[in-house]
Amino acid sequence: MLRRILPLLLLSISSTLLFSQVNSPYSRYGLGNVFPTTFGAANGMGSLSAAFLTPININYQNPASYADLLGATFDVGVAGNVLTLNTDLETFTSGNGNLSNLAFGFPLLKNARRHKLGFSFGLIPYSAFQYDIIEEQLTDDADLGVKRYNYVGDGELYQLYGGLGYKFQTDTTMLLRNRSDGTDTVIAAHLFSIGGNSAILFGSLFNITYASFPDVVNSQTTKLTRENEVNGGIYNTGIAYQRNYIRKNGTNRDYLTWKFGGAFTPELGVRGQQSILWTNILKNGNYEFVTDTIYTAPDTSGNINLPMTLQGGVTFSFFSTDIKNKNQFTVGAQYSMTQWSQYQGFQDAGQLGDSWRVSVGAEFIPKVRKSTGQKENDKPQFTYRAGFYTGASNLLSETGESLNDVGFTAGLAVPLGRGENVQRTFVNSRMNLYLNVGQRGANAGIAETYYNFGISFSIVDTGWFIKYRLN
């Protein structure tokens with residue numbers, strides 16, 4: 001199986017490297033464009049995460065979900081982004097690609113009757129500066145002509161995390177018999193989960209400003225460089241409650257499950273350093289020659305206050321062992337908010353405000369239709385996903401109004417653990433594809449339309465913790 005997956009993974013990573021740097025003027029403020037910390041499966045469902053607890057997917061945003069992991073799980077993904085900026089005068093398009101997540105998860109206390117414990121660790125991008133803006137002003141001096149400012153932002157922050165999730169199931173059940181349709185219904189026990197992540201946030205962000213007079217031959221350019229380094233600890237917590245209804249009909253079982261979840265990240269302070277270098281240069285294309293150093297201030301330490309984040313959601317799922325006759329599905333909704341107005345750091349935060357989002361999403365697994373001469377286990381079960389969201393981004397317009405952010409998502413999960421030659425321990429592995437089309441800033445001067453797409457592999461091996469015996 002790995003020989004089939006590895007070429008696809010390498011092709012995906014190689015294709016993302018073909019994109020040039022995306023140009024997003026809205027990433028100038030705060031810590032730049034903040035990346036979603038949801039993985040491929042959730043990204044196809046409107047980025048649902050608060051109550052998205054599944055046995056075959058790692059969910060970083062709610063660490064309580066780690067207790068639901070079925071087996072040793074490896075989730076790696078790459079993502080691409082195409083961005084179109086529309087103003088009254090022109091349209092500009094750029095693109096980018098990057099690693100979206102690298103995560104591992106393991107179930108612990110797997111065979112315990114009422115207690116479950118799960119562990120996960122990995123690497124996730126946090127945010128990035130991604131802009132290259134030119135502004136020109138006509139001076140009063142005819143000899144100087146136009147004064148040009150070129151604002152460039154580059155760099156990225158990452159988080160290296162590790163987390164635990166614990167789930168407890170009560171013993172009490174209630175059995176309802178003698179139903180009119182001949183089935184028995186078992187109302188399963190309550191399930192409570194709690195979890196937490198601890199992470200190291202690290203990386204560097206660069207702001208560069210060039211001031212020049214392009215109409216003056218051989219004129220010098222003034223260059224101001226700000227390097228912001230971040231290296232500090234952050235954490236988040238999550239809780240969940242599940243209630244299962246198990247409907248029995250002969251050997252078949254129907255599982256109807258309500259899941260409620262919430263996640264919380266407190267306002268945190270992390271350590272940072274800023275270095276400033278102000279020079280005069282002679283610039284010719286990408287070549288720069290320093291002629292004079294005007295000012296330097298290396299390694300100025302300070303605190304960066306990260307905002308508080310809160311989210312809550314609910315999902316309802318129907319799954320059945322009778323996959324030949326019954327469709328299966330999950331639907332859910334979520335609300336999330338982040339107090340970016342409380343952010344403080346080296347970078348300008350004057351254009352930041354509180355953000356919020358309402359998301360709805362669903363996934364659908366059609367019933368298996370067995371073809372002639374085909375074994376039931378060989379029939380792929382594709383999962384189809386869709387979602388929608390609306391809200392306000394963390395950016396403010398010049399009038400102080402929050403920039404709206406609206407979009408929809410679509411996704412597809414392709415089973416990898418199918419076929420006669422595949423080990424049974426890999427039958428829950430999936431390749432997740434997703435597409436996200438959205439727009440922010442339609443109520444401002446610059447409308448930013450984005451197309452996010454990605455591919456991830458969730459490899460689940462349920463054989464890691466099996467104790468083998470010699471005959």
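The legends below describe close-up views of a predicted model.

**View 1. Strand β18 and its burial in the predicted model.** Strand β18 covers residues 430-440, and eight of its 11 residues are buried, so the strand is largely enclosed by the rest of the structure. Here a residue counts as buried when its relative accessible area is under 20%. In a regular strand, the side chains alternate between the two faces of the sheet.

**View 2. The pairing of strand β18 with strand β17.** Strand β17, which is made up of residues 402-415, pairs with β18 in the antiparallel sense, and the pairing extends over 11 bridges. One place to look for this pairing is at A413, which stands opposite N432 of β18.

**View 3. The pairing of strand β18 with strand β19.** Strand β19, formed by residues 447-461, runs antiparallel to β18, and 11 bridges join these two strands. Among the residues that can be followed in this view is Q439, whose bridge partner in β19 is T449.

View 4. Although D299 is not a glycine, its phi is positive, with a value of about 50°.

Definitions and conventions
Residues are numbered from 1 along each chain as its sequence is written. This is a predicted model: local features need pLDDT of at least 70, side-chain atom pairs count only at pLDDT 80 or more; totals for chains, interfaces and linings use all residues. Side-chain values use heavy atoms; hydrogens and water are left out. Buried means under 20% relative accessible area, exposed over 50%, partly exposed in between (1.4 Å probe, protein chains only). Helices (H or I, at least four residues) and strands (E, at least two) are DSSP runs, numbered from the N terminus. Two strands pair if DSSP finds at least two bridges between them.
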